[in-house]
Amino acid sequence: VRVRLAEGEVEPLLHLAGGADPAVVRAEALRMKARLVPGAVAANPASKTVLLLGGELPPEPLLPLGDLYAGEVAELAGGWSAPEPVLRLAELAGGVAALDAALRGWADRRDPGALDALPPAAAEAVRAALARGRAARLHPRVVPKRGFRTLCVDRFE
């Protein structure tokens with residue numbers, strides 16, 4: 001079941017949001033609408049790169065791309081998207097390939113020095129982003145398993 005918000009359905013809610021970002025209100029309204037549809041399962045298209053670096057995990061119970069790094073999503077879909085802070089981290093790292101390689105070493109191979117391959121400012125920013133999202137990653141979610149290491153099932157210490 002696919003649920004979409006029609007244009008004009010969010011604007012009436014903005015007065016209730018106390019000045020919240022309209023994009024956030026739209027996302028929350030879509031989540032609410034999906035929960036009200038019988039038989040619907042809310043999913044979020046976040047990649048493993050976004051889940052690791054984006055802070056709090058999205059509230060949707062299904063993360064179908066959660067075991068694919070952003071570069072892998074780009075290969076499959078012809079591009080990738082992420083919140084602005086993650087896009088800036090990729091740029092700071094020298095591109096999504098470099099960022100994914102460092103994250104893969106850190107998360108999949110448990111190599112604490114993998115992030116040192118990034119430029120120093122990028123490595124520091126990535127470590128800070130990983131620290132911000134650590135608590136959220138400790139709570140399991142449903143992620144289709146693609147490899148032996150799956151985000152949200154493994155415990156990143």
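## A buried pair: Asp-67 and Lys-48

Asp-67 and Lys-48 are both buried. In this predicted model, the two residues form a salt bridge, with their closest N and O atoms 3.8 Å apart. Asp-67 sits in the loop between H2 and H3 and Lys-48 in helix H2, so the bridge ties together parts that are 19 residues apart in sequence. That distance falls inside the cut-off, because a salt bridge needs the nitrogen within 4 Å of the carboxyl oxygen.

Side chains of opposite charge can pair when their charged atoms come close. The structure holds 7 salt bridges. Further examples follow.

Arg-31 forms a salt bridge with Glu-60. The closest N and O atoms of this pair are 2.4 Å apart. Arg-31 belongs to helix H1 (residues 22-36), whereas Glu-60 belongs to the loop between helix H2 (48-53) and helix H3 (70-77), so the bridge ties together parts that are 29 residues apart in sequence.

Are Arg-31 and Glu-60 buried or exposed? Arg-31 is buried, at a relative accessible area of 16%. Glu-60 is buried too, at 7%. Both values count as buried because they are under 20%.

## Asp-116 and Arg-127

Asp-116 forms a salt bridge with Arg-127. Here the closest N and O atoms are 2.7 Å apart. The pair links distant parts of the chain, 11 residues apart. Asp-116 is in the loop between helix H5 (96-107) and helix H6 (120-137), and Arg-127 is in helix H6 itself.

Asp-116 counts as exposed, with 51% relative accessibility. Arg-127 is partly exposed, with a relative accessible area of 35%. Salt bridges also share partners: Glu-28, Arg-31 and Glu-60 are joined into one network in this way.

## Helix H1

Val-25, Ala-29, Arg-31 and Ala-34 of H1 are buried. An α-helix has 3.6 residues a turn, so residues three or four places apart point the same way. Val-25 and Ala-29 are among the buried residues of H1.

## Where H4 meets H5

The axes of helix H4 (residues 84-93) and H5 come within 7 Å. They cross at roughly 95°. H4 and H5 are therefore roughly perpendicular to each other.

Which residues make the contact? H4 supplies Leu-89, Ala-90 and Ala-93, and H5 supplies Val-96, Ala-98 and Leu-99. The contact of H4 with H5 has 6 nonpolar residues, no polar and no charged.

## Two loop residues

Gly-54 lies in the loop between H2 and H3. Gly-54 is partly exposed, at 40% relative accessibility. Gly-54 and Ala-129 are 75 residues apart in sequence, yet their C-alpha atoms are 7.0 Å apart in space.

Arg-110 lies in the loop between H5 and H6. What is the phi of Arg-110 near? Phi is near 55°, a positive value in a residue other than glycine. Arg-110 is partly exposed, with a relative accessible area of 38%.

Key:
Residues are numbered from 1 along each chain as its sequence is written. This is a predicted model: local features need pLDDT of at least 70, side-chain atom pairs count only at pLDDT 80 or more; totals for chains, interfaces and linings use all residues. Side-chain values use heavy atoms; hydrogens and water are left out. A salt bridge is a side-chain nitrogen of Lys or Arg within 4 Å of a carboxyl oxygen of Asp or Glu. Helices (H or I, at least four residues) and strands (E, at least two) are DSSP runs, numbered from the N terminus. Buried means under 20% relative accessible area, exposed over 50%, partly exposed in between (1.4 Å probe, protein chains only). Axes are lines fitted to C-alpha atoms, for helices over the stretch in contact, and angles run from 0 to 180 degrees between N-to-C directions. Angles under 35 degrees count as roughly parallel, over 145 as roughly antiparallel, 65 to 115 as roughly perpendicular and the rest as oblique. Contact means heavy atoms within 4.5 Å. Ala, Val, Leu, Ile, Met, Phe, Trp, Tyr, Cys and Pro count as nonpolar, Asp, Glu, Lys and Arg as charged, and the others, Gly among them, as polar.
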